[in-house]
Amino acid sequence: MNSRDPFNLRSSLRGTSPSSLFHTRVPGASTSIPSSVQEEKREASDSRVQVPEALIPAAASSANASGQMPHAIPRNVPIQSDPQRRYEERMWAGSEKERERKMQNGYANGVAEKIGSVFGGEKKGLPMYKDKPYHYSASKRRRPLIEQKRFLASLVLLFIGLIYWAGLLYTGSLGWGFGKILWWETSRPQGIDWDTRMEQVRDVFKISWAAYEDHAWGFDEYRPLSKRGRQIIEGSNGMGWIIVDALDTLIIMNMTAELLHARDWITTTLNFDINSDQVGTFEVTTQILGGLLSAHYLSTDFPDMAPISVIEGSPGEDLYREKVADLADRVLGAFESKTGIPYANVNLQTMKGIAAQNNEGATSSASVGGVQLELKYVAKMTGEKHYWETAEKAIQKLDEIGASDGLLPSLVQPDSATFQGQGVRLGSGGEYYYQDLIKQYLQTSKQEEVYHDMWKEAFTGMRKNLISYSKTANLTFIGERPNGLDGPLHPKMMHSSCSVPGTLALALTGGKPISELKKSFQWHEEQEDQLSLAKRLLQTCYGMYKATPTGLAPESARFHIPDPPHMLSDGIINSAADLNSPSDTDWHRDYIIKSDVRESANYQSPSTIASIFYLYRLTGDVTYRHWGWDIFESFLQHTDAGARNGYTSLDDVTLTPPPQRDNMSPAWMAETLKWFYLLFGPEDVLPLDQVVFSGAAHPFPRFELGKTWGTGWKRRGKAKEGETDQV
């Protein structure tokens with residue numbers, strides 16, 4: 001059947017004059033025609049054809065037994081062969097263009113036109129009969145469902161919804177894309193009040209601080225299960241390992257009453273004139289000196305944080321500055337070795353460095369590189385250059401010894417400037433040296449390129465020698481080389497190495513959010529690849545929490561690896577592991593967590609939380625906030641000492657319930673809870689492009705070198721251009 005002649009009329013009309021059809025009367029039609037209809041008929045006479053009933057097919061015109069027609073047949077149909085047909089089509093095309101023009105002139109014009117017609121306004125146009133061109137937009141003819149735009153749009157939206165629900169579509173700091181995401185991200189409750197969660201962290205800090213005040217005030221250690229304290233240096237009044245280390249947390253959390261109590265203890269009790277050979281140079285510099293420095297910085301540059309009234313000229317006016325100067329002078333005695341490399345310990349009373357009683361008197365590399373930020377800020381704050389010069393001399397000597405691929409053995413002899421052993425690891429304090437390389441570069445506003453070069457060399461060495469993949473799930477981890485870089489890889493990752501992902505992200509961005517870098521065209525494919533590495537490393541660190549029944553990470557974990565191991569420098573392998581999916585448990589088999597107090601303990605360490613904070617701030621990906629909240633809830637569940645007595649370390653995270661250790665680490669209030677609080681809090685508090693956090697989580701300001709300060713040394717045998725990875 002011809003679609004343009006559905007009733008097969010052409011053959012019936014052949015030989016019939018078109019003009020005669022206009023005068024043919026349809027039998028049975030009424031002879032009384034209203035004038036309005038006659039007028040309309042005259043207007044349409046050029047385009048309508050009246051068809052005699054005799055020409056209508058019999059099957060269509062006959063009634064059924066009940067007198068009902070099976071379907072209605074239009075009495076006026078077009079004749080496609082009529083010469084006038086082409087004029088009709090032209091008129092309809094012109095009518096369509098005119099209608100579109102009026103629509104473009106505005107909706108009001110169309111309304112006015114309709115109102116005018118109601119009140120007799122003359123409106124010329126074509127009558128709305130059924131046989132307009134098929135795609136005439138005003139036509140009421142229904143198109144096939146598959147050709148309707150709304151139907152197609154619905155299919156597209158349904159498809160997008162299905163792939164999003166299936167976890168194949170993600171949104172993040174890098175925009176929309178396809179890839180594997182955690183299945184639970186689509187089921188996370190929307191509209192989470194992160195400010196409320198931030199306040200919950202503050203409440204936990206208040207409980208911890210109040211318990212310490214009640215049971216161990218002024219002591220260097222607090223044991224929440226036995227509710228008592230202990231001094232690290234027997235016979236002393238305490239060095240403030242808990243109070244001073246947590247000063248900046250009190251300020252950031254706006255805890256004014258607690259801060260006043262701490263300041264009162266510092267004013268009346270804290271005394272660094274301690275005759276002991278057991279004070280660690282690295283610890284006293286990063287925790288005590290660093291705590292005083294950050295308290296001075298925050299109280300000076302952010303007076304609205306925990307504001308307190310200090311009477312001008314009173315003993316407390318320059319409290320932090322005075323304590324900084326006193327302690328810094330005492331610490332410098334540790335650097336008075338033959339080479340300028342500090343001794344492991346220092347006697348604060350005699351101001352003399354003391355060689356370690358173990359490790360054949362060797363000093364950790366962290367004691368050299370990990371104290372640079374503090375001593376340089378002391379110099380900037382006091383205006384005394386000898387602090388700056390002392391710090392520089394030590395790191396210069398360490399660099400001159402000669403690092404292999406930018407990586408240093410963990411121990412060095414201070415008097416001979418030789419490495420003790422060949423073992424290379426990023427955990428157990430070694431990470432502080434590498435952190436401070438890039439943070440020194442940022443501290444002085446990217447004006448000391450020497451430290452940037454050293455960081456790039458070290459990062460290249462990590463990719464080549466330490467970063468590898470697990471056997472089953474291809475988890476990216478940081479291993480160790482206990483027998484040197486030429487020895488076999490030891491697939492053991494310390495939890496403290498989990499600070500590396502955050503450091504890497506900071507080095508890539510300089511502290512600026514990635515969204516800002518993209519807007520200014522400062523973000524490139526190579527940076528994206530290295531950011532992906534930081535994310536994969538952090539995923540492995542988060543997996544250390546998810547792999548235990550307590551949801552808390554051990555101090556170290558080992559991994560099953562292929563033989564030979566596949567290093568990152570051999571090529572990138574992406575992991576499909578979904579750490580939160582109940583059905584995906586293959587990745588569990590890659591973790592080896594020994595039930596041993598040296599490895600399975602949890603000391604409330606901050607390393608993973610710090611990296612989660614950095615990745616969230618820099619990418620804006622809320623996934624990291626969710627990870628942080630999961631870990632925080634696990635801490636609340638398993639480390640609570642009960643009866644509001646605070647929170648404690650654990651002996652074994654592989655057991656449920658885990659044995660509690662009866663020790664609340666100073667890092668719990670000074671670092672871990674601080675990172676949680678900043679993670680859930682406003683993003684404009686202590687922006688990362690304006691401050692630098694030390695390895696002990698103390699915020700320091702960035703500053704310009706100016707005419708007073710500068711790099712007083714140059715490297716020997718600087719790496720040639722192109723030998724290091726961009727970072």
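Biologist: In what order do the strands β12, β13 and β14 stand in their sheet, and is the pairing parallel or antiparallel?

Modeller: As a general idea, strands of a sheet pair through backbone hydrogen bonds, either parallel or antiparallel. Here the order is β12-β13-β14 in an open sheet of three strands, and the pairing is antiparallel. β12 (492-494) and β14 (591-592) are the edge strands, each with a single partner strand, so one side of each has no neighbour in the sheet. This is a predicted model, in which local features need pLDDT of at least 70, side-chain atom pairs count only at pLDDT 80 or more, and totals for chains, interfaces and linings use all residues. Residues are numbered from 1 along each chain as its sequence is written, and side-chain values use heavy atoms, with hydrogens and water left out.

Biologist: How are strands and their pairs defined, and how many bridges join β12 to β13?

Modeller: Helices (H or I, at least four residues) and strands (E, at least two) are DSSP runs, numbered from the N terminus. Two strands pair if DSSP finds at least two bridges between them. Three bridges link β12 with β13 (residues 556-559), and these strands run antiparallel. K492 has R558 of β13 as its bridge partner.

Biologist: Is Q539 buried or exposed, and which residues does Q539 touch?

Modeller: Buried means under 20% relative accessible area, exposed over 50%, and partly exposed in between (1.4 Å probe, protein chains only). Q539, in helix α20 (residues 525-546), has a relative accessible area of 15% and is therefore buried. Contact means heavy atoms within 4.5 Å. Leaving aside residues up to four places away in sequence, Q539 touches A577, L579, Y591 and W627.

Biologist: What is the relative accessibility of E516?

Modeller: E516 belongs to helix α19 (residues 514-519) and, at 40% relative accessibility, counts as partly exposed. The C-alpha atoms of E516 and L618 are separated by 9.6 Å, while these residues are 102 residues apart along the chain.

Biologist: How many helices and strands does the chain have, and what share of its residues is buried?

Modeller: There are 24 helices and 16 strands, and 50% of the 727 residues are buried. Of the contacts in the chain with a separation of 6 or more, 72% involve residues 24 or more positions apart.
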